[in-house]
Amino acid sequence: MRGARSAKWAAVAIVVALAATACGSDDDKGGSGDGGNASGNASGIVKVDGGEPQAALVPTSTNEQYGSLVIKNVFANLLDFEDDGSIKYVAAESVESNDDASVWTVTLKDGFTFHDGEAVTAQHYVDAWNWAANVDNGQSQSAWFEDIEGYADVHPSEEGAEPTAETMSGLKVVDDLSFEITLANPVSYYNYKLGYHVFAPLPSSFYDDPAAFGENPIGQGPYKFESWTHNERISLTTYADYAGPNKAQNGGVEITAYDNLSTAYQDLVSDNLDVLRQVAPQDLPVYMDELGERAIAQPYNATQSIVPVFYAGWGELDDPSKVIQGVSMAIDRETITQTVLHGSRTPADSFVPPGVFGYEAGAADGKTDFDPETARQLVEEGGGVPGGTITIQFNADANHDEWVTAVCNDLIKNLDIECLKDAKTDFATDLEERRADNVKSTYRGGWLQDYPLNVNFLRDLYSTTAPSNYGRYSNAEVDDLFKQGDQAGSFDDTVAAYQDAEKVLWEDMPAIPLWYQNVNGGYSNNVENVRFDVAGQPVIEEITVK
């Protein structure tokens, strides 16, 4: 099987990241990886903070954190990743490729059933992928299947074109527990991509009423969906017949939608909430003392950025890259992360976070350095900020206001422009505005890993067809470099090719990286064995209720 060597490299990258941030992993405050403490209350419910999902709860409709928190627990991925970046199998027994990585064979573990009792087979995966890829079904995440031979037949690139086939020719069921994936071109890291939830199977009942399914999903993961009271809470219960290695050590999960992280923190302190994934900026100075051993602080693989939308004037500038670079260099990241964010973030020097394979320290080549004089010069040479005003769109339900204010103050002071805040009520509304191309100038871009490779932070955000390319950046040279990287002869060659592509991205500046994220969260006195993975999410199935 391909990928063994790459896993070792990924492990080295994460170790370096932990050392560089001087935070370290808080494994000693969380649970062991063996599924938790059997002496806990097996019927106890874990209360976790969350928010309103942006779309229906279908794996290929979901690419934001609130919906993903539900999907990743209701569905079991084919594979997942250890904290060191290496692959661990969940629903798959193995994922192997031929010599040139153009054909991949997935063998499933036996015994998995959907929550309605139907046995999971290879056909369920093939049917789900074909349905998701078909342009007529309007799935926002359909581009994840574009590597597969025959994707263009079910999802033509020309707007308004009809599919010429019902299924992708590259998918073939071998037997009940194995299927074959033939790619249009070799992809050395394809097994890593299969760790993302879009590749989940769907039960036969899904096709009867996909819309109804999105309100009441049926998966084959450790938790069974129970109810969704919109804008309030989502309830999951433990699936007793789950066949995977990560069986739940509690009775279920209640995910509460908060519109303010400080309110969530007060509920945590009062033991009315069990797990808080991120502390609000105003609570950062006190949470370590107030929670003590129940506080968690650790880096994870995520970036925060400001993304200019090229349909809002940026693309019409004499030299957009100069202007955007100037805006970047007008922001004092060090001061903002140390004061407003109380040392809880690390200033970015790459589009890629340190904990993933392919990160190169200093990739920005000075373009994220604070230099007001050079910043002003670059903005003037490039044609000026469109309309003399930068508006930053963000969701108001996750306490971004403080740092957005600080960034605006820097831009007003150092560039002599106007900077406005455009706060949307919640993340779902924010995403709807991005997808509808209604962003006025820029938006807050946050991205956490789907798989621990630089590809995920480059191709999946900045290729012309990337579902999350809401800035509508497009560069044929970059697309071609990504394609060359995908078709490189080995995993290491692929990652190196993407490092070359990142150099071109720094010339274009499709986004302004600000800082790398850290988990600053905690848990209540009601629970034990709490830990967060390298994607910054709580490993809910390991949590035990006292």
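The exercises below concern a predicted model and come with worked solutions.

**Exercise 1. Strand 5 and its neighbours**

Task: Work out which residues of strand 5 lie on its covered face, and which strands pair with strand 5.

Solution: 
1. Strand 5 covers residues 103–108.
2. Its covered face holds W104, V106 and L108, while V103, T105 and T107 make up the uncovered face.
3. On one side of the pairing list is strand 4 (residues 92–97), which runs antiparallel to strand 5 and is joined to strand 5 by five bridges. Within this pair, E96 has T105 as its bridge partner.
4. Strand 7 (residues 178–182) is also antiparallel to strand 5, and five bridges join the two. Here W104, from the covered face, stands opposite I181.
5. Strand 4 and strand 5 form a hairpin with five residues between the strands. In this hairpin, A101 takes a positive phi near 65°.

**Exercise 2. The length of helix 12**

Solution: 
1. For burial, the cut-off is under 20% relative accessible area.
2. An α-helix has 3.6 residues a turn, so residues three or four places apart point the same way.
3. Just after helix 12 comes D416, with a positive phi of about 55°.

**Exercise 3. Cavities and a pocket**

Task: Describe the linings of the largest cavity, the second largest cavity and the second largest pocket by residue class.

Solution: 
1. The structure holds six cavities of 30 Å³ or more.
2. The largest cavity has about 70 Å³ of space. Its lining includes W144, E146, K193, R459 and D460, and by class has four nonpolar, two polar and four charged residues.
3. The second largest cavity has about 50 Å³ of space. Among its lining residues are V58, T60, W129, F145 and L202. By class, this lining has nine nonpolar residues, one polar and no charged ones.
4. The second largest pocket has a volume of about 690 Å³. Of its 24 lining residues, S142, A143, Y151, H155 and T465 lie nearest its centre. The lining has eight nonpolar, eleven polar and five charged residues.
5. A143 and T465 also line the largest cavity.

Notes
Residues are numbered from 1 along each chain as its sequence is written. This is a predicted model: local features need pLDDT of at least 70, side-chain atom pairs count only at pLDDT 80 or more; totals for chains, interfaces and linings use all residues. Side-chain values use heavy atoms; hydrogens and water are left out. Buried means under 20% relative accessible area, exposed over 50%, partly exposed in between (1.4 Å probe, protein chains only). Helices (H or I, at least four residues) and strands (E, at least two) are DSSP runs, numbered from the N terminus. Two strands pair if DSSP finds at least two bridges between them. On a 1 Å grid over the protein atoms alone, a cavity is a set of points where a 1.4 Å probe fits but cannot get out, and a pocket is an open set with protein on both sides within 12 Å along at least five of seven lines; lining residues have an atom within 4 Å of a point. Grid points are joined across faces, edges and corners, and a volume is the space filled by probe spheres set on the points. Ala, Val, Leu, Ile, Met, Phe, Trp, Tyr, Cys and Pro count as nonpolar, Asp, Glu, Lys and Arg as charged, and the others, Gly among them, as polar.
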